[in-house]
Amino acid sequence: MIEIKYTGNADPLEFEVLVRDATGESSHHVTMSKSTYDKLVAGRYTPEACVEAAFRFLLDRETKEAILRRFGIRVISQYFPEFERELPRYLSQLGR
């Protein structure tokens, strides 16, 4: 389960993310600039949905423990160049 709490409305947007599974939980502080948000979803999804989709993408590739504790959304593309191309598929699976 992925819980996202929107904690900061300035630029960058800030989120606290809690990932829980059968083996425990991990917490993460995530930032996303408003320009990155606009580029990634162009207002079609909420910022929280964008972060949730990003975490689903990450969890398909690594364990929750391997995900950085603090990061900006843009850093994902440095580790996984396919992130921006794959994100729309993850967003569409959220059903929002």
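F15 stands opposite V30 in strand β3, a pairing read from a predicted model.

Residues are numbered from 1 along each chain as its sequence is written, and side-chain values rest on heavy atoms, with hydrogens and water left out. Because this is a predicted model, local features need pLDDT of at least 70 and side-chain atom pairs count only at pLDDT 80 or more, while totals for chains, interfaces and linings use all residues.

**Confidence**

The pLDDT, which is the predictor's confidence in each residue on a scale from 0 to 100, has a mean of 95 over the chain, and 98% of the residues reach 70 or more. Confidence is lowest in β1, at a mean of 94, and highest in β4, at 98.

**The sheet**

Four strands form an open sheet in the order β1-β2-β3-β4, with mixed pairing. Its edges are β1 (2–8) and β4 (70–72), each of which pairs on one side only. On average, neighbouring strands of this sheet are turned by 25° against each other, direction ignored; axes are lines fitted to C-alpha atoms (for helices over the stretch in contact), with angles running from 0 to 180 degrees between N-to-C directions. Two of the pairings are set out below.

| Strand pair | Sense | Bridges |
|---|---|---|
| β2 (residues 13–21) and β3 (residues 24–32) | antiparallel | 9 bridges |
| β3 and β4 | parallel | 3 bridges |

Strands β2 and β3 form a hairpin with 2 residues between them. On the side of β4, R70 is the bridge partner of H29.

**Helices against the sheet**

Helix α1 (residues 34–41) lies across β2 and β3 and runs at about 100° to β3. Helix α2 (residues 47–59) packs on the sheet and touches β1, β2, β3 and β4, its direction making about 135° with that of β1.

Which residues of α1 are buried? They are T36, Y37, L40 and V41, where buried means under 20% relative accessible area, exposed over 50%, and partly exposed in between (1.4 Å probe, protein chains only). Seen down the axis of α1, these buried residues fall within an arc of 100°, so they line one face of the helix; the arc is that of the directions from the helix axis to the C-beta atoms. The face turned away from this buried side carries the exposed residues S35 and K39, whereas the cover over the buried residues includes β2, β3, α2 and α4. Just after α1, A42 takes a positive phi of about 50°.

In α4, the buried residues are F83, E86, L87, Y90 and L91. Viewed down the axis of α4, they fall within an arc of 150°, so they too line one face of their helix. What covers them includes α1, α2 and α3 (76–79).

**The nonpolar core**

A nonpolar core is a set of buried Ala, Val, Leu, Ile, Met, Phe, Trp, Tyr and Cys residues joined through side-chain atoms within 4.5 Å. The largest such core has 30 residues, and those with the most contacts inside it are M32, F55, F71, I73 and I76. Each of β2, β3, α1, α2 and α4 (83–92) supplies at least two residues of this core, and α2 gives the most, with 8 residues.

M32 is in contact with P12, L13, F15, Y37, L40, P47, C50, V51 and I73, among them Y37 and L40 from the buried residues of α1. F71, which lies in strand β4, is buried with a relative accessible area of 8% and is in contact with H29, V30, T31, F55, L58 and I76. F71 and H29 are 42 residues apart in sequence and 6.6 Å apart in space, C-alpha to C-alpha.

Methods: Two strands pair if DSSP finds at least two bridges between them. Contact means heavy atoms within 4.5 Å. Lists of a residue's contacts leave out its neighbours within four places in sequence.
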